[in-house]
2 protein chains.
Amino acid sequence: MRDPKVEQVLDRLREGGGRLTRARRQIVEAMVAGDHRHLTAGDIVEIVRRRDPDFHESTVYRTLERLAELGVVRPVQLTPGATVFHLVEGPHLHHHLLCDRCGTVIEASDDLLDALAVEVGRTYGFALQSAAATLHGVCSACHEHHEHDHSHDHGAGHRH
Amino acid sequence: MRDPKVEQVLDRLREGGGRLTRARRQIVEAMVAGDHRHLTAGDIVEIVRRRDPDFHESTVYRTLERLAELGVVRPVQLTPGATVFHLVEGPHLHHHLLCDRCGTVIEASDDLLDALAVEVGRTYGFALQSAAATLHGVCSACHEHHEHDHSHDHGAGHRH
DNA sequence: ATAATTGCAAAGTCTTTGCAGTTTG
DNA sequence: CAAACTGCAAAGACTTTGCAATTAT
């Protein structure tokens, strides 16, 4: 119950001039627990409230904003109406492959778009920002049984 | 004042079993007028209301939804909190290059990601959906004078 | 102590929905 | 005429903001 990952994030917070509060620790704990998950602000509120009923929305947003400024957390707009957040592990940037069927998010290597970046720069004079892309498509699992009409677990991973 | 592009879209609406109303004509006219612009629902409301003060939000959303179903219009989530819509010209799909500095949107050829699609399919078993990507970066104009602190015209194109 | 942070409540933006009246084909 | 569509009003999801009370350093 003294997860090094949690402490690492909290340390960065303090280094950045921030203060260490109960609420912040719980937010970070929730994010570390749900590791490679992509949580919405609402997901985090729900989780933290289980232990701390007074925990409030505004705190999540303010804290996530701080953490994002410090580069510890990354906000990603996967779908309309739902910004998800995840921890940035070290310098490990990555792109997101979002399955439009089941909502699964695959984290793809940051050099995936290197070749494309060159191409785009040459053709459009556009400097592609690394590791910021969300690519839509269909994951392998969904692709295999795409003729069946099973109950799509849409939003897998962060729907309540 | 009988723009063939407008008629073309309205024809498709009718073919799809839809009805031709004053509101719908005006919505389409607004979109054609702002051609390669990417308009938010709010932008459209604002434009149409100038001629037709009773025009209502809900109508835009319902109409855009229909048009999107018919494949005539495409909704794109460029930034958090702002779904933009644009007409789909024929079979001309494209990706979006969004400048994070000035908000300009460049429409990139749909085959831009072909090579990437192969790569992603092989590495992650993920079937990339064509022409659905929004790539972030910096456009050439912004890139050139990036040391100066000029008033960034952020949101260019669809901010009121 | 004092500056940061929180809970709370209120508001803001964007979007959706139900319904009764109106209009289209 | 019947079905489709509209305006309106109300509500819903997500996020932001002001403020007074609380808490970390």
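The model is predicted, so let's take its contacts one place at a time. Around DNA strand C there are 21 residues, while 31 residues of chain B are in contact with 30 residues of chain A.

- Among the residues around DNA strand C, the ones that come nearest are Arg19(A), Arg24(A), Thr59(A), Arg19(B) and Tyr61(B).
- Arg19(A) has a backbone N or O atom 2.7 Å from a phosphate oxygen of DNA strand C.
- A polar backbone atom of Leu20(B) is 3.2 Å from a phosphate oxygen of DNA strand C.
- At least two residues of this surface come from each of helix H2 (22–33) of chain A, helix H4 (57–69) of chain A and helix H4 (57–69) of chain B.
- Sorted by class, the surface has eight charged, eight polar and five nonpolar residues.

**Where the chains meet**

- About 2300 Å² is buried between chain B and chain A, and carbon and sulfur atoms give 70% of that area.
- Eight residue pairs are in polar contact between the two chains, and the count of salt bridges is zero.
- The side of chain B that touches chain A has 19 nonpolar, nine polar and three charged residues.

**A strand pairing across the chains**

- Strand E7 (residues 134–138) of chain A runs antiparallel to E6(B), joined by two bridges.
- Gly137(A) has Leu128(B) as its bridge partner in E6(B).

Terms used:
Residues numbered from 1 in each chain as written. Chains lettered and ligands numbered in written order. Predicted model: local features only at pLDDT ≥ 70, side-chain atom pairs only at ≥ 80, totals over all residues. Heavy atoms only, no water. Near = heavy atom within 4 Å. Polar contact = N/O pair within 3.5 Å; in protein donor to acceptor, adjacent residues only side chain to side chain. Helix = DSSP H or I, 4+ residues; strand = E, 2+ residues; numbered from the N terminus. Nonpolar A, V, L, I, M, F, W, Y, C, P; charged D, E, K, R; others polar. Contact = heavy atoms within 4.5 Å. Buried area = accessible area lost by both parts, 1.4 Å probe. Salt bridge = Lys/Arg side-chain N within 4 Å of Asp/Glu carboxyl O. Pairing = 2+ DSSP bridges.
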